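Colleague: I have the sequence and the model open. Can we go through it together?
Modeller: Fine, ask away.

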Amino acid sequence: MTEALHIRNLSKRYGDLVALQDVSFSVAPGEIFGFVGSNGAGKSTTMRIVLGVLSADAGSVAVGDTAIDFSTRRRIGYMPEERGLYPKMKVGQQLSYLARLHGFSPSDAAASVTRWTERLGVAERIDDNVADLSLGNQQRVQLAAALVHDPDVLVLDEPFSGLDPVAVDVMSAVLREKAQSGVPVIFSSHQLDLVQQLCDRVGVIVKGGMRAVGTVAELQSGHGAILEIVGPPATLDWTSGLRGIVDVAHDGPTTRLTLDLAVADDQQILHAALAAGPVHQFRTSKPSLTEIFREVVSA
Ligand SMILES: Nc1ncnc2c1ncn2[C@@H]1O[C@H](COP(=O)(O)OP(=O)(O)OP(=O)(O)O)[C@@H](O)[C@H]1O
C-alpha cells in the first residue's frame, strides 16, 4: 500500500552552519513534488535525512503513520546527488544485486532488471561496467537502481541534471507512471521549466527554511501580476518612473513587467510604451516558476 511521506520540523546544523531550520512538508500518494532552491539551500540535506544517510538534530520523517526506520527506508527508492553505483561492476549484476538486497528472488530480480533497463533505454548496456557508460546513461542506470525493488516512495536528488532531451522525456514519463501507480515522488531540480510542467506541487527552500509550498497555480496567485508588452525596444528605459512596477525583464521584443496591482496603472504603462515605440501586443500573463522563484529567493 502506498502512503504519504511526511517531513516534520527537520533541523540540522553542520557546526555553526544552520543547514535546515524547521522544515516541514508532505508528499501525498500519487503526487510529484518538486523541491527547488538555490545551491546550498538544503535540498540534499533534507533528502539524505529522509534516507537515514544523515541524522537530523530535530524533527522526524514518516511514511504514513509509521516513523521512518530501517524497514520503512527499504521501501524508498533513492537517487543520491553524489550517485552511488559501483563503477567496476556490470550494470545488470549491480541492479540485480540491489533487488536481491531488498528481498527479491533471483528470478524476480532478473525480471525487474530487464523491465527497468528496457524502460530506461539501457538494456543493451547490461553487460558493461557502469564506468564505461556515458554520464547520462549512468544516470539512467542510477534511476533503474532506485526503481528496481519496486519502491513505495521515490526520493530523487537532481535526477534530470545532465540528461539529453530524450532522456528527460523518458525520466519524466517514468516519474509520472510511478506517481499514477500511487507512489509519492519527490525530486530536486534547478530546471524550473521542467518542475513547472511535471510537478503537482512545489516547495521552495531558502537558506534552510521552507519559504513557499503549493501548486504552481497557488504560487502564481501569491505573486504580482505579469504584463507582457511586445514592441518597445528593450534598449529604451521606458518603464522608469512608472508606478507599481516590481520587476522588468526582457525576452527579445517582449518586455515582461511584474506589477503590484494595488499601485500599477495599466493605462499609464500603455501610454509610456506607445511613447517608446509601436506596441504590437499588450496582455496579462501568469508568472513562470522561474519568476516566482526569483521573487521568493530575493524576498
Ligand atoms: N557534510 C557537510 N559538512 C558541512 N557543511 C555541509 C555538509 N553538507 C552540506 N553542507 C552545507 O549545508 C548547506 C546545505 O547543503 P545541501 O547540499 O543540502 O544544499 P542543496 O540545496 O542540495 O544544494 P545544491 O543545489 O548545490 O545541490 C550548504 O551550505 C552546504 O555547504
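This is a predicted model: local features need pLDDT of at least 70, side-chain atom pairs count only at pLDDT 80 or more; totals for chains, interfaces and linings use all residues.

Colleague: What span should helix 6 have, and what is the distance between its end C-alpha atoms?
Modeller: Helix 6 covers residues 165-180, so at 1.5 Å a residue its 16 residues should span 22 Å, and the end C-alpha atoms are 22 Å apart, which agrees. The expected span is 1.5 Å times one less than the number of residues.

Colleague: Which residues of helix 6 are buried?
Modeller: Met171, Val174, Leu175, Lys178 and Ala179. They cover an arc of only 135 degrees around the axis, which puts them on the same side of helix 6. The arc is that of the directions from the helix axis to the C-beta atoms. Buried means 20 or more other C-beta atoms within 10 Å of the residue's own, exposed means 12 or fewer, and partly exposed is in between, with C-beta atoms placed from the backbone.

Colleague: And which are exposed on the other side of helix 6?
Modeller: Pro165, Val166, Asp169, Ala173, Glu177 and Gln180.

Colleague: What covers the buried residues of helix 6?
Modeller: The cover includes strand 3 (32-37), strand 7 (153-157) and strand 8 (185-188), along with helix 4 (106-119), helix 5 (135-147) and helix 7 (192-198). Contact here means that the C-beta atoms of two residues, placed from the backbone, lie within 7 Å.

Colleague: Helix 4, then. Which of its residues are buried?
Modeller: In helix 4 the buried residues are Ala109, Ser112, Val113, Trp116 and Thr117. They cover an arc of only 120 degrees around the axis, which puts them on the same side of helix 4. These buried residues pack against helix 3 (91-101) and helix 5. Just after helix 4 comes glycine 121, with a positive phi of about 75 degrees.

Colleague: Changing topic: which residues surround the ligand?
Modeller: Tyr14, Leu17, Ala19, Gly37, Asn39, Gly40, Ala41, Gly42, Lys43, Ser44, Thr45 and Glu81. Strand 2 (17-27) and helix 1 (43-51) are the elements that give two or more residues to that shell. Helix 1 supplies the largest share, 3 residues.

Colleague: How does the shell divide into nonpolar, polar and charged?
Modeller: There are 4 nonpolar, 6 polar and 2 charged residues around the ligand. Ala, Val, Leu, Ile, Met, Phe, Trp, Tyr, Cys and Pro count as nonpolar, Asp, Glu, Lys and Arg as charged, and the others, Gly among them, as polar.

Colleague: How many residues of helix 1 are buried?
Modeller: 8 of 9, so helix 1 is largely enclosed by the rest of the structure. Among the buried ones are Lys43, Ser44 and Thr45. Glycine 52 follows helix 1 and has a positive phi, near 80 degrees.

Colleague: Last one, the whole chain. How many helices and strands does it have?
Modeller: The protein chain has 10 helices and 14 strands. Its C-alpha trace spans about 75 × 45 × 35 Å along the principal axes. Of the 299 residues, 38% are buried.

Colleague: What feature does UniProt place at residues 5-232?
Modeller: The unreviewed UniProt entry gives "domain: ABC transporter" there. UniProt positions are in the numbering used here, feature names are shortened, and annotations may be inferred rather than shown by experiment. Over residues 5-232 the chain is 35% helix and 29% strand.

Terms used. Residues are numbered from 1 along each chain as its sequence is written. Helices (H or I, at least four residues) and strands (E, at least two) are DSSP runs, numbered from the N terminus. A residue is near a molecule or strand if its C-beta atom, placed from the backbone, lies within 6 Å of it.
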